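Hello,

Please have a look at it first, then read on.

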Amino acid sequence: MGVWCVSVTGAKACFAEYGDRVWVKDTKANGAPAAGTISDTESSASWHRECFTHLI
């Protein structure tokens, strides 16, 4: 089961291939929301998943 993560200043987003799970963590307590998106536009069944720390 593979898990891939990407970090930028203020946020970290991860994707787990088993279950197509996406999660995001706000790493900078500044009140701004963090979001993570992953998509597949190369296959015939394109899809995307999104995750937010709170509603934007």
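**What I found**

Let me begin with Cys 51, which is buried, at a relative accessible area of 18% (buried means under 20% relative accessible area, exposed over 50%, and partly exposed in between, with a 1.4 Å probe and protein chains only). Before going further, please note that this is a predicted model, in which local features need pLDDT of at least 70 and side-chain atom pairs count only at pLDDT 80 or more, while totals for chains, interfaces and linings use all residues. Residues are numbered from 1 along each chain as its sequence is written, and side-chain values use heavy atoms, with hydrogens and water left out.

**The cysteines**

How many disulfides does a search of the whole structure find? It finds 1, where a disulfide is a pair of cysteine sulfur atoms within 2.5 Å. The pair is Cys 5 and Cys 14, and 2.1 Å separates their sulfur atoms. Their link is right-handed, with 110° about the S-S bond. Of these two partners, Cys 5 is partly exposed at 39% relative accessibility, whereas Cys 14 is buried at 6%.

**The overall picture**

The protein has 5 strands and 0 helices, so its pattern along the sequence reads β-β-β-β-β (helices, H or I, of at least four residues, and strands, E, of at least two, are DSSP runs numbered from the N terminus). Its C-alpha atoms fill a box of roughly 40 × 25 × 15 Å along the principal axes. The chain holds 56 residues, and 20% of them count as buried.

The accessible surface is about 4300 Å², with 53% of it belonging to carbon and sulfur atoms (areas come from the Shrake-Rupley method with a 1.4 Å probe, and for residues only the protein chains shown count as cover). If you take contacts between residues at least 6 apart in sequence, 12% of them join residues at least 24 apart; here contact means heavy atoms within 4.5 Å.

As for charge, there are 5 positive and 6 negative side chains, and 12 Å lies between the centres of the two sets. Lys and Arg count as positive and Asp and Glu as negative, while His and the chain ends are not counted; each charge is placed at NZ of Lys, CZ of Arg, CG of Asp or CD of Glu.

**The core**

Which residues make up the largest nonpolar core? There are 6 in all: Ala 11, Phe 15, Val 22, Val 24, Ala 34 and Cys 51. The elements that give two or more residues to this core are β2 and β3. (A nonpolar core is a set of buried Ala, Val, Leu, Ile, Met, Phe, Trp, Tyr and Cys residues joined through side-chain atoms within 4.5 Å.)

Leaving out residues up to four places away in sequence, Ala 34 touches Ala 11, Val 24, Lys 25, Asp 26, Cys 51, Phe 52 and Thr 53.

Start with Trp 4 in strand β1, which covers residues 3-8. Trp 4 is partly exposed, at 49% relative accessibility. Beyond its neighbours within four places in sequence, Trp 4 is in contact with Ala 13, Cys 14, Phe 15 and Glu 17. Between Trp 4 and Ala 34 there are 17 Å, C-alpha to C-alpha, and 30 residues along the chain.

Next comes Tyr 18, in the loop between β2 (11-16) and β3 (21-26). Is Tyr 18 buried or exposed? Tyr 18 is exposed, because its relative accessible area is 61%. Its C-alpha atom is 15 Å from that of Ser 39, which sits 21 residues away along the chain.

Ser 39 itself belongs to strand β4, residues 35-40, and is partly exposed at 46%. Apart from neighbours within four places, Ser 39 is in contact with Trp 47 and His 48. The C-alpha atoms of Ser 39 and Arg 49, 10 residues apart in the chain, are 6.4 Å from each other.

His 48 is partly exposed, with a relative accessible area of 49%, and its contacts beyond four places in sequence are Ile 38 and Ser 39. From His 48 to Val 8, 40 residues apart along the chain, the C-alpha separation is 20 Å.

Best wishes
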